[in-house]
Amino acid sequence: MLTATYILVSLSVEQASIRMSLLAFQKYMHVQLRQQSRLSLAQLQYAGDWLNRLYQGGYWRKVEMYLVPAIRQAAPHADGLLNEINGLNRVALESINAVQQRAGAAIDHSELQAEQLCAAIDAFCAALLQRLEKEERELFALARKVIVGEAWFAIAYQFLAHDARAQEARRGKAQVLPFVLPAPLPTSLPAPGAPATGGENAEAGGASVQLAPSPPLRAQA
């Protein structure tokens, strides 16, 4: 059905955008952390903030908002696959909490911490990239089998309404989803070639970095 094809292609484009955001964030942080011998609280806060944004952005995808509910309604037996996908979300969430707990404790800022931060970022990105792959290979294929007829047209209508709302929102406050290279960088993340500073306060994209620890997140079912 052409409607089903249109919907799944639209979802694939959305998946590709999120995948690029994850990979860009991962590469950027690795480059910056290789230049650091010590981590600051601002650096941990900055990483935790972006992990949080990328994680929360997953719940505003069309896959989560429209396709998954349609699959649940059409195929109650799909809970196994959906639980696997939610499990990958929990793995990503654990990585965010690990970074936030380190920021909250503000313990020794050493090279070991930089390695641990890289490991947490890698675990986060790996879990969400695996989730995207599982959705494209298994969830989309399941959707083609179990969603039929008018249900596809209902999803297409939801997509159109979603896009209209998103376009309206862009005229006001844009939703945070893609990772964009910040300029200027936080104090402890100097741009290549620039001297590092020792201040604990920094600015990212013109906004002050909050140094208060963020509360741990909770995974959504």
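What follows is a set of selections, each with a note on what is there.

**Whole chain.** Start with everything shown. This is a predicted model. The chain has six helices and two strands. Starting at the N terminus, the order is α-α-α-α-α-α-β-β. Of its 221 residues, 45% count as buried. Take the contacts between residues at least 6 apart in sequence: 83% of them join residues at least 24 apart. The accessible area is about 11600 Å², and carbon and sulfur atoms hold 57% of that.

**Aromatic pairs.** Next, show the rings. How many aromatic pairs are there? The count is two.

Move to tyrosine 66 and phenylalanine 159. Their pair is tilted, at 5.9 Å centre to centre and 55° between the planes. Tyrosine 66 belongs to helix α3 (residues 62-74) and phenylalanine 159 to helix α6 (residues 150-170), so the pair links parts of the chain 93 residues apart. Tyrosine 66 counts as buried because its relative accessible area is 9%, under the 20% cut-off. Phenylalanine 159 is buried too, at 0%.

**Charges over rings.** Last, select arginine 53 and tryptophan 50. The charged end of arginine 53 sits over the tryptophan 50 ring, 5.1 Å from the ring centre.

Key
Residues numbered from 1 in each chain as written. Predicted model: local features only at pLDDT ≥ 70, side-chain atom pairs only at ≥ 80, totals over all residues. Heavy atoms only, no water. Phe/Tyr/Trp six-rings, centres within 6.5 Å; stacked < 30°, edge-to-face > 60°. Helix = DSSP H or I, 4+ residues; strand = E, 2+ residues; numbered from the N terminus. Buried < 20%, exposed > 50% of the residue type's maximum accessible area, 1.4 Å probe, protein only. Lys NZ or Arg CZ within 6 Å of the ring centre and 35° of its normal. Contact = heavy atoms within 4.5 Å. Areas by Shrake-Rupley, 256 points an atom, 1.4 Å probe, with all protein chains shown as cover.
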